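I opened the model to look up its aromatic rings and its nonpolar core. My entries follow.

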Amino acid sequence: MFAIEGEAVFAPEFTYGNKEDFVPPLLRGFKKFPVQQKLIVALPNSVPFTPDAGDMVAVFAGDECRGVGQVDKAFTAFRTSSGEVLQLRYYSKQKGGVYTFRQSVEDTDITLFF
């Protein structure tokens, strides 16, 4: 805002507040998902599509989504126990489809293999 002779004026060309999405930790301490794991998913050098900023990575237990994020950025996966098997799915904006991976989620740093 700018002050002109004691008045406040809104300037629409400026960004006020956060420039990034804020995701509140709503499920912290939730009894259904006592185990929360930070994951970072990376792509190998060779993939069957062109990576795009609109691509997403998701972690599933069966058909239940347990976390959503982007490649090379940390996101949270929610588990019922530390030994629970989770599966990765990758949405490619270019292909307009989802790749489902057989490799299970065990480590915090994961490289996808196509």
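**Aromatic rings**

I counted three aromatic pairs in this predicted model. Rings of Phe, Tyr and Trp (its six-membered ring) pair if their centres lie within 6.5 Å; planes under 30 degrees apart are stacked, over 60 edge-to-face, and the rest tilted.

I looked up Phe33 and Phe78, which form a tilted pair at 6.2 Å centre to centre, with 55° between the planes. Phe33 lies in the loop between strand 2 (7-9) and strand 3, and Phe78 in strand 6, 45 residues apart. Strands here are DSSP runs (E, at least two residues), numbered from the N terminus. Both Phe33 and Phe78 are buried, meaning under 20% relative accessible area with a 1.4 Å probe, protein chains only.

I also noted that ring pairs join Phe49, Tyr90 and Tyr99 into a cluster.

**Nonpolar core**

I then turned to the largest nonpolar core, which has 15 residues; Val57, Val59, Leu88 and Tyr90 have the most contacts inside it. Such a core is a set of buried Ala, Val, Leu, Ile, Met, Phe, Trp, Tyr and Cys residues joined through side-chain atoms within 4.5 Å. Strand 3 (35-42), strand 4 (56-61), strand 6 (75-79) and strand 7 (87-92) each supply at least two of its residues. Strand 4 gives the most, with three residues.

**Source notes**

Residues are numbered from 1 along each chain as its sequence is written. The model is predicted, so local features need pLDDT of at least 70 and side-chain atom pairs count only at pLDDT 80 or more, while totals for chains, interfaces and linings use all residues, and side-chain values use heavy atoms, with hydrogens and water left out.

Conventions:
Buried means under 20% relative accessible area, exposed over 50%, partly exposed in between (1.4 Å probe, protein chains only). Helices (H or I, at least four residues) and strands (E, at least two) are DSSP runs, numbered from the N terminus.
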